[in-house]
Structure formats: C-alpha cells, structure tokens
Amino acid sequence: MFKTLTTRWQQKHRTTGYPDGPGPELPGRFRGRLSIQPGLCPPGCALCQAACPTGALLKPAQGQALLDLGKCLFCPDCMQACPEQAITFSRDHRLAVRRREDLLLRGGQELALAQALDRKMLRLFKRSLRLRQVSAGGCAACEADVNVLNTIGWDLSRFGIQFVASPRHADGLLITGPVTENMQAALLNAYQALPEPKIVIAVGACAISGGPYAGQAEQMNGAASCVPVDLFIPGCPPHPLTTLDGLLRLLDRIGDAGKARQ
C-alpha cells in the first residue's frame, strides 16, 4: 500500500486541463475531421466513393462530393484511393453536432458544431448530469473509449457528469452500437424509464447510422430509429476528447480559453 501511495504521489496531477487548459497530446495516428478540397477533386472520378466501405462518400458526376460524417469510419480507404490527394484527415477532434443533417457536408463545407441545450434544460443539467450507458450491440470500442473518460486522466465527474446503473436514476442515455433486434426492446424500456425531461446521446458511427452493419436486417441503423437523439458524436470509435468536447458543448461548458486554442 505504501509503495502504491508513493508512486501515485510521484506522478502528481495527471488530469487533463481541457477545456480550460491544453488537451492531451493526440497520437500520431489520430484522424480528425475528414476534409475534401473541391479544387483538387477531378470531375467524373468516383474512386473514393467506390473505396468507401459504408457509402459515406457520394461523388456525383457533376457537383461537389457529399460526405456523411455519420457513416464515416475514419478509415483511410478513400484517402488512399484518391489520385489527386484531395481527401485528407485533419487533427481537429471537434465533431459533435445536435442534428443528424449537420453531419452531411459538401466539399469544403464547415461543420456546424453542437450548440448548448436550451435555457430550461441547462438549468437542470449544466452542473449535474447523470447518464445511463446502453451498449445496443456495439463491438465494445466506443464503450471502451467512453469508459476512459472515468479514469484519472480525464475525470469526467469534475464536470458533474456521471454514469449510473439504472435509467430511473439518470437524466439521459448515452447509446453505442447499431441497436440490434435483441437490444431494441431493452433500449426502448430504458428510454421510457428515464424521468422527464431527458436527453439522448448517440456515440459512434454505429449508433448514428448503423456503421459497417448498416442495411443489415438484424439491426435498426442507429439509435434515432428508436428514440429521439439530442447529440450525435461521430467516429469509429470517437476519441475520448471528441466525446468530452461534445458533452461539454451540450452543457455550455466550453469556455473562451478553450475556443481560442481551437
């Protein structure tokens, strides 16, 4: 016990200072928001569309390519297929939006980042938000990266956000996975058990669009097919910083200092 306490003392403060201080250093392999440069995109070329495993890219014969970040797995297939290097991944971790249609981008269109809840909801949830996490058929990648937020490096509870065991004790649901047939009834029961008012957060490509399982009869193509969703956080899986940023934007907790660094 003494050795453990001594080691912990030597480690000193380890919690990220985000959003009031710099966020953790992102790994070199990190892929942020996808960017398409229309000026480099050759007309008539659809190699990126053919390479995309989930149909997230639509390249019409005429006009700018349409990117659906809600379907994107953030794999490099489209980037590698483009002969003109018109597709790149940025280092921008900010991806969360309030409306599903905001994830549909044309060419170099900017992403409409998530706005805060309305004044009444903020009065209730800004300083204390309890969430029930529902894994609705996920592969455990999104679930694992959400759980990271509870570790000492992130300390999600310092923002008043905590996960609880029962939806009856929760203010909302955080859903991962495409919502399989076997989980549909369980998800609906959890949603109905939430007291009013309540919020729903869809985390990951599966929870937003079905991800790589989209179109399969055994799943529902995401949470919005069953319950109303208030926040969409794309990724496969989203980096913990992406999820934290989305939660803080929903609660109007991103300060001016954080905005300046972004």
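**A first look around**

Reply: Let's begin at K198, which is buried, with a relative accessible area of 13%. Buried here means under 20% relative accessible area, exposed means over 50%, and partly exposed is in between (1.4 Å probe, protein chains only).

Me: Before we go on, what sort of model am I looking at?

Reply: It's a predicted model: local features need pLDDT of at least 70 and side-chain atom pairs pLDDT 80 or more, while totals for chains, interfaces and linings use all residues. Numbering runs from 1 along each chain as its sequence is written, and side-chain values use heavy atoms, without hydrogens or water.

Me: Thanks! Back to K198, then. Which ring does K198 lie over?

Reply: K198 lies over the face of Y191, 4.1 Å from the ring centre. For a charge to sit over a ring, NZ of Lys or CZ of Arg must be within 6 Å of the ring centre and within 35 degrees of the ring normal.

Me: And what does K198 form a salt bridge with?

Reply: With E196: their closest N and O atoms are 3.6 Å apart. A salt bridge is a side-chain nitrogen of Lys or Arg within 4 Å of a carboxyl oxygen of Asp or Glu. While K198 is buried, E196 is exposed, with 64% relative accessibility.

Me: Is the peptide bond from E196 to P197 cis or trans?

Reply: The bond from E196 to P197 is cis, and omega is near -10°. P197 belongs to the loop between α6 and β9. Those labels are DSSP runs numbered from the N terminus: helices are H or I with at least four residues, strands E with at least two.

Me: What joins C236 and P237?

Reply: C236 and P237 are also joined by a cis peptide bond, where omega is about -10°. You'll find P237 in the loop between β10 (231–233) and α8.

Me: You mentioned α6. Which residues in helix α6 are buried?

Reply: In α6, which spans residues 181–193, L187, A190, Y191 and A193 are buried. The elements that cover these buried residues include β6 (129–135), β8 (172–176) and β9 (199–203). As for Y191, remember that K198 lies over the face of its ring.

Me: Let me switch to charges. How many salt bridges are there?

Reply: The count comes to eight. One of them joins the side chains of E110 and R33, at 3.7 Å from N to O. E110 sits in the loop between β5 (104–106) and α4 (119–125) and R33 in the loop between α1 (2–11) and β1 (34–36), so this pair ties together parts 77 residues apart in sequence.

Me: E110, buried or exposed?

Reply: Exposed, with E110 at 61% relative accessibility.

Me: Which residues are linked in a network of salt bridges?

Reply: R99, E101 and D102 are linked that way.

Me: Where does the charged end of R31 sit?

Reply: It sits over the ring of F89, 5.8 Å from the ring's centre. F89 is buried, and F74 is buried too.

Me: Now R130. Where is the place of R130?

Reply: R130 is in strand β6, and at 24% relative accessibility R130 is partly exposed. Leaving out residues up to four places away in sequence, R130 touches G160, Q162, V164, H169, A170, D171 and G172, where contact means heavy atoms within 4.5 Å.

Me: How many residues apart in sequence are R130 and S166?

Reply: They are 36 residues apart in sequence, and 9.9 Å apart in space, C-alpha to C-alpha.

Me: Last one: what is phi of Q85?

Reply: Phi of Q85 is near 55°, a positive value in a residue other than glycine. Q85 is in the loop between α3 and β4, exposed with a relative accessible area of 61%. D252 also has a positive phi without being glycine, near 60°. D252 lies in the loop between α8 and α9 (256–261) and is partly exposed, at 42% relative accessibility.
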